[in-house]
Amino acid sequence: MWRSVPWQGRQSALVMAAAMPALAVANGAPGAGLLLGAVLLLSAMAGTIGVRGTPSAAMCCHRALVSLVMAVCAFDGAGAGDSVAAGASEHAHGGMTGVLPVLAVVGVVAVVLWTVVSEWVLAPVHQGRTARLLAVESWAMAAGVAVMCVGF
């Protein structure tokens, strides 16, 4: 399966796999959330370089979307950690961090819908074992990002 995914998709999957446990271990630390959010954002951008018009473009864009949603969750966790650490009131917690949870929910819904459509509506690009493994990976990413964003 490794060769059936271009380097853009592979790097995105590796960054996401490293970021999920790192976010869990960081436990809302603002610096870690900002750093991991930035890394995930860069990974999402790199995940779509040069894939336009290729059979793997949709798969790479799906992974990039998951990276973006994870970055939003990391940034939101970092913002919430700042305001809690500073002892800010609930009113002061509004502003930018008030938008991020909404973006995270919209992103999670988009990832799940994309997964459903790509698995059940569209014809798969790959066949056989590779198609099954990529489907499992796609559902695992959708479930993982949903659980991660709900936890933050």
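User: Which helix is Ala22 found in?
Analyst: Ala22 belongs to helix α1. Please keep in mind that this is a predicted model.

User: How accessible is Ala22, then?
Analyst: Ala22 has a relative accessibility of 29%, so it counts as partly exposed. Partly exposed lies between the limits for buried, under 20%, and exposed, over 50%.

User: And how far apart are Ala22 and Leu36 in space?
Analyst: From C-alpha to C-alpha, Ala22 and Leu36 are 8.0 Å apart in space, while 14 residues separate them in sequence.

User: What about α1 itself, how many residues does it have?
Analyst: Helix α1 covers residues 7-26 and has 20 residues. From its first C-alpha to its last it reaches 28 Å, close to the 28 Å expected at 1.5 Å a residue.

User: Which residues of α1 are buried?
Analyst: The buried residues of α1 are Gln8, Gly9, Gln11, Ser12, Met16, Ala19 and Leu23.

User: What follows α1?
Analyst: Asn27 follows α1, and its phi is positive, near 50 degrees.

User: Let us go back to Gln8. Why does it count as buried?
Analyst: Gln8 counts as buried because its relative accessibility is 5%, and the limit for buried is under 20%.

User: Which residues is Gln8 in contact with?
Analyst: If neighbours within four places in sequence are left aside, Gln8 is in contact with Ala46, Gly47, Ile49, Gly50, Val51 and Cys60.

User: How does one describe two packed helices?
Analyst: One gives the angle between their axes and the distance between the axes.

User: What are those values for α1 and α2?
Analyst: The axes of α1 and α2 come within 9 Å and cross at roughly 165 degrees. An angle over 145 degrees counts as roughly antiparallel, and α1 and α2 are therefore roughly antiparallel to each other. Their crossing is left-handed.

User: Which residues make the contact?
Analyst: On the α1 side, the contact is made by Trp7, Gln8, Gln11, Ser12, Val15, Met16, Ala19, Ala22, Leu23 and Ala26. On the α2 side, it is made by Ala32, Gly33, Leu36, Val39, Leu40, Ser43 and Ala46.

User: How many residues of that contact are nonpolar, polar or charged?
Analyst: In the contact of α1 with α2, 12 residues are nonpolar, five are polar and none is charged.

User: A new topic: Ala64. Where does it lie, and is it buried or exposed?
Analyst: Ala64 lies in helix α3, residues 57-85. At 6% relative accessibility, Ala64 counts as buried.

User: What does Ala64 touch?
Analyst: Not counting residues up to four places away in sequence, Ala64 touches Ser12, Ala44 and Thr48. Ala64 and Gln8 are 56 residues apart in sequence, and their C-alpha atoms are 9.1 Å apart in space.

User: And Arg132, is it buried or exposed?
Analyst: Arg132, found in helix α5 (residues 128-151), is exposed, with a relative accessible area of 55%. The C-alpha atoms of Arg132 and Glu119 are separated by 9.9 Å, and these residues are 13 apart along the chain.

User: Finally, how many helices and strands does the protein chain have?
Analyst: The protein chain has five helices and zero strands. Of its 152 residues, 39% are buried. Among contacts between residues at least 6 apart in sequence, 80% join residues at least 24 apart.

Conventions. Residues numbered from 1 in each chain as written. Predicted model: local features only at pLDDT ≥ 70, side-chain atom pairs only at ≥ 80, totals over all residues. Heavy atoms only, no water. Helix = DSSP H or I, 4+ residues; strand = E, 2+ residues; numbered from the N terminus. Expected span 1.5 Å × (residues − 1). Buried < 20%, exposed > 50% of the residue type's maximum accessible area, 1.4 Å probe, protein only. Contact = heavy atoms within 4.5 Å. Axes fitted to C-alpha atoms, helices over the stretch in contact; angles between N-to-C directions. Parallel < 35°, antiparallel > 145°, perpendicular 65-115°, else oblique. Left-handed = near helix turned anticlockwise from the far one by under 90°. Nonpolar A, V, L, I, M, F, W, Y, C, P; charged D, E, K, R; others polar.
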